[in-house]
Amino acid sequence: MGRLTPVSRADAPPAIQEVYSAVFGDRDPVADPGTDTGSRGDWWTTMALSPDLLATLTAQFGAFNSAARELPEQLREIAIVRAGFVTESQFVYSQHSKVARAVGLSKAEVEAISAWASSEDLSREQRAVLAYVDELVLQNGRVQDPTFDALRAFLSDTAILELTIVAASYHLHAMVSRALRLEFDDVGERIVELPAPAGFQESDLLALLRGD
């Protein structure tokens with residue numbers, strides 16, 4: 001499980017129990033974890049530690065998916081998948097790859113997001129969105145004028161605002177998921193020292209590097 005203590009159904013206030021019923025049915029998601037999408041569901045049970053924040057986040061999901069948005073839903077999902085990929089969140093990337101196909105993106109388009117710069121399966125509009133998301137996330141909001149101008153050729157000011165908030169928000173979700181080791185991001189540190197063979201002397205490696 002994740003790094004924080006999840007909230008069981010018995011310990012959850014009424015508002016959280018309603019959320020649990022919607023996501024998990026009648027089960028206690030701590031004692032009997034799992035969602036229909038194949039994840040453990042501990043994002044929900046961890047966020048339940050702060051019920052008002054969970055309510056805020058679920059309201060945010062509804063706002064992002066509202067019919068009032070000018071940003072096309074396919075571009076929204078391309079941005080979220082890319083934000084998850086570059087932040088190295090298996091949870092965000094995996095879940096929203098499914099959503100991306102559900103809103104009409106092809107299997108080839110979704111698979112192309114990870115290496116979009118060398119792909120021929122994405123349109124100029126999609127590539128403009130991906131370039132923007134890369135600079136937004138990887139350069140901490142330092143978006144270059146040519147990148148912004150390319151995006152503006154396709155999207156209105158309102159749609160660009162929505163795209164920016166969505167991508168930045170899912171960058172946050174990806175970081176939180178990794179930091180707290182939630183869902184598919186419950187993985188140990190990968191960059192660790194590996195043991196050397198028996199008989200290895202550290203001084204031998206130092207001598208090799210020095211050219212002794």
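**Entry 1: the largest pocket**

I looked up which helices line the largest pocket of this predicted model, and found that α1, α2 (42-47), α3 (51-64), α5 (90-102) and α9 (157-180) each supply at least two residues of that lining. The largest share comes from α5, which gives five residues. I noted a volume of about 580 Å³ for the largest pocket, and a lining of 21 residues, of which W44, F61, F91, Q95 and H96 lie nearest the centre. Sorting the lining by class, I wrote down nine nonpolar, nine polar and three charged residues.

**Entry 2: the second largest pocket**

I then turned to the second largest pocket, which holds about 320 Å³ of space. Its lining is made up of 13 residues, and those closest to the centre are E88, R178, D185, V187 and G188. By class, I recorded seven charged residues in this lining, along with three nonpolar and three polar ones.

**Entry 3: aromatic pairs**

I went through the aromatic rings next and found eight aromatic pairs in the structure. One of these is formed by Y20 and F24, whose rings are edge-to-face, with 5.8 Å centre to centre and 85° between the planes. Both residues belong to helix α1 (residues 14-24), where they are four residues apart, or about one turn of the helix, and I marked Y20 as buried and F24 as buried too. For W43 and W44, I noted ring centres 4.9 Å apart and planes at 80°, so this pair is edge-to-face.

**Entry 4: helix α3**

At 1.5 Å a residue, its 14 residues should span 20 Å, and the end C-alpha atoms are 20 Å apart, which agrees. I listed L54, L57 and F64 as buried in this helix. Looking down the axis of α3, I found that its buried residues fall within an arc of 90°, so they line one face of the helix. On the face of α3 turned away from that buried side, I noted the exposed residues D52 and A59.

Methods:
Residues are numbered from 1 along each chain as its sequence is written. This is a predicted model: local features need pLDDT of at least 70, side-chain atom pairs count only at pLDDT 80 or more; totals for chains, interfaces and linings use all residues. Side-chain values use heavy atoms; hydrogens and water are left out. Rings of Phe, Tyr and Trp (its six-membered ring) pair if their centres lie within 6.5 Å; planes under 30 degrees apart count as stacked, over 60 as edge-to-face and the rest as tilted. Buried means under 20% relative accessible area, exposed over 50%, partly exposed in between (1.4 Å probe, protein chains only). On a 1 Å grid over the protein atoms alone, a cavity is a set of points where a 1.4 Å probe fits but cannot get out, and a pocket is an open set with protein on both sides within 12 Å along at least five of seven lines; lining residues have an atom within 4 Å of a point. Grid points are joined across faces, edges and corners, and a volume is the space filled by probe spheres set on the points. Ala, Val, Leu, Ile, Met, Phe, Trp, Tyr, Cys and Pro count as nonpolar, Asp, Glu, Lys and Arg as charged, and the others, Gly among them, as polar. The expected span of a helix is 1.5 Å times one less than its number of residues. The arc is that of the directions from the helix axis to the C-beta atoms.
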